[in-house]
Amino acid sequence: MPDMRFAPPNPIRIADRSSGMNAVSVRSYNERLVLSLLLQNNGLSRMEIGNRTGLSAQTVSVIVRSLEQEGLVIKGEAVKGRMGPPTIPLSLNPEGAYSVGISLGHRHTDVVMIDFVGQVKFYTSLPLPDETDPTNHSRLVETVNQALAALPDKQEGRMAGIGLAIPEDQEELALGPAGMAERFETLSKEIEDALGIEVYVQNDITAAAAGESMFGAAKTLDDYLFFYIGARLHHRLVLNHQIFHSRAHESKPVGLLALEASLCRAGFETDVLWKRGGNWPDFGDAKAEWFRTCVDELKASLAAASQFLPVNTVIVSSYAPTNVCEKIADVVKAEETGIDAIPGRLQLSPKALGAASLPFSSKFTVEQ
Amino acid sequence: MKTVLCFGDSNTHGQVPGGTPLERFTHSERWPGVFGKQLGPEWHIIEEGLSGRTTVHEDPIEGDIKSGRLYLRPCLMSHAPLDLVILMLGTNDLKARFHQPATEVAMGIGCLIHDIRELNPSPGGHCPEILVVAPPPMLDDIGEWEGIFSGAQPKSHQLAHEFEVIADSLEVHFFDAGTVIASDPADGFHLSKEAHGILGKAIAQEVINIGWAD
């Protein structure tokens with residue numbers, strides 16, 4: 001039997017470095033461990049990476065070197081330590097990978113493209129296709145192509161994939177045109193066929209929570225209760241980065257639909273409620289009434305969850321103007337002792353940004 | 001206190017380009033000296049550079065003492081306990097008399113790594129950190145050395161990649177000296193004083209990047 005120490009070398013990483021990111025079909029667990037850590041923390045030294053992953057200095061050295069060569073990781077400026085020579089922090093290369101996120105709603109389809117650190121490179125909101133359209137993806141494919149065209153030169157190979165956030169809440173699905181749910185079901189395959197880019201599908205609220213975990217307010221949190229204010233109020237429990245939900249149609253009728261109804265009764269124009277990145281005018285008492293019911297419903301869910309688990313943190317996310325989530329978070333924090341309530345940090349379209357985080361978590365992290 | 005063994009050939013010895021093994025840059029000019037100065041007094045640097053040293057080959061002309069493998073083991077034992085071993089070899093393996101492709105030279109480096117791991121000459125009987133440094137490629141014009149190194153130049157350009165493949169497979173640190181310095185035109189494969197300075201600093205940064213507790 002030959003001495004296997006002297007068999008031909010078997011490099012797992014370096015040999016295919018020239019062929020770019022997509023050639024690495026299966027990333028090792030250790031590489032994912034390092035990338036997950038860098039998604040959560042900016043600027044770690046190799047020693048910190050070793051300490052936090054339990055990997056040896058030499059293993060970290062090999063992994064980091066190959067990730068640098070792939071362009072996924074970059075060196076920062078040397079940092080002078082309190083003693084000894086300066087260390088070089090490592091971060092994800094923003095231009096190392098890109099991802100597209102699509103969120104399907106009963107009024108709009110949001111399309112976003114982000115870079116490896118979650119910065120928005122392209123965003124648009126499309127109206128729903130007309131019921132008489134023979135396909136439901138033509139504008140979508142066109143829009144994704146526009147997004148791809150916005151990539152810097154020679155970066156096409158760095159597209160990690162397309163995330164699709166699909167609503168499953170029966171009440172919200174019922175708001176859209178007839179046959180919408182059925183159209184959504186076939187969309188993932190249609191996009192994949194038309195663009196030849198891998199599509200990852202997720203429940204829309206779960207995707208929004210995943211987005212806050214990867215790029216937003218929950219980046220450093222392990223456990224939290226996630227609330228999303230859309231047409232209705234939705235919630236998810238996140239434990240050790242795992243996102244749990246019971247039945248998809250479990251949502252509360254105290255979202256923006258309820259606000260719209262309340263504003264209509266008071267004679268307000270309500271279109272602005274459904275706009276992305278909009279500013280709401282002063283709605284006065286009509287909004288205050290809704291605000292209270294929304295906060296009370298949120299607190300009821302928090303109380304229910306707290307009977308079983310020690311919940312310390314609540315995240316309140318929405319595409320609504322940032323001051324809405326901020327105010328809800330402030331009130332929850334003031335009224336619930338021991339609870340930290342934080343507004344979501346994903347703007348414009350948390351669901352679409354969350355959808356865009358899906359290809360990254362699937363390709364680069366230890367969380368599946 | 002950390003102890004580092006710099007195990008190499010004439011370019012670790014500090015031989016002046018175009019000179020003989022007795023014409024040597026001063027201690028503070030040679031890369032191990034520069035490297036040690038960068039790291040500071042908490043680091044003890046051991047220079048083990050021998051002109052003509054190969055990875056594993058006993059040289060039929062220069063003698064068996066030129067085999068890195070033969071000398072590495074007693075050398076490790078003499079200097080143990082060691083925290084880090086830096087291996088910078090390979091150019092001499094490309095002499096025509098050895099008929100070695102770059103992949104075999106890399107196998108020779110792998111062999112030395114296995115030998116270090118068998119001895120485990122680190123504090124507590126552990127394996128020291130190992131840093132493989134690929135030498136910069138030879139220049140096309142190597143003057144009167146052309147006969148001895150016939151056919152070596154193209155192979156010298158492949159060493160960095162093949163060394164990296166070995167370093168990856170065996171999970172050790174790696175640095176390509178060719179990314180910061182070039183061989184000196186005086187003979188086409190030795191390093192100038194300036195190159196020693198740059199290399200010493202670059203290797204110091206690589207060693208710091210490894211990360212060392214206290």
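Mentor: Helices (H or I, at least four residues) and strands (E, at least two) are DSSP runs, numbered from the N terminus. The model is predicted.

Trainee: How many helices and strands does chain B have?
Mentor: From the N terminus on, the order in chain B is β-α-α-β-α-β-α-β-α-β-α. The secondary structure of chain B comes to six helices and five strands.

Trainee: Why is chain B as compact as a globular protein of its length?
Mentor: For 214 residues the globule rule gives 17 Å. Chain B is as compact as a globular protein of that length because its radius of gyration is close to that value, at 16 Å.

Trainee: What percentage of the 214 residues in chain B is buried?
Mentor: A residue counts as buried if 20 or more other C-beta atoms lie within 10 Å of its own. By that cut-off, the buried share of chain B is 52%.

Trainee: How far does helix α4 of chain B reach from its first C-alpha to its last?
Mentor: Helix α4(B) covers residues 102-119, which is 18 residues. At 1.5 Å a residue, 26 Å is expected. The reach of α4(B) is close to that, at 26 Å.

Trainee: What covers the buried residues of α4(B)?
Mentor: Those buried residues include V105(B), I109(B), L112(B) and I116(B). Their cover includes, in chain B, α3 (68-79), β3 (84-88), β4 (129-134) and α5 (152-170).

Trainee: Which residue follows α4(B)?
Mentor: The residue after α4(B) has a positive phi, near 45 degrees. That residue is N120(B).

Key
Residues are numbered from 1 along each chain as its sequence is written. Chains are lettered from A and ligands numbered from 1 in the order in which they are written. This is a predicted model: local features need pLDDT of at least 70, side-chain atom pairs count only at pLDDT 80 or more; totals for chains, interfaces and linings use all residues. The expected span of a helix is 1.5 Å times one less than its number of residues. A residue is buried if 20 or more other C-beta atoms lie within 10 Å of its own, exposed if 12 or fewer, and partly exposed in between; C-beta atoms are placed from the backbone. Two residues are in contact if their C-beta atoms, placed from the backbone, lie within 7 Å. The radius of gyration is taken over C-alpha atoms; the globule rule is 2.2 Å times the number of residues to the power 0.38.
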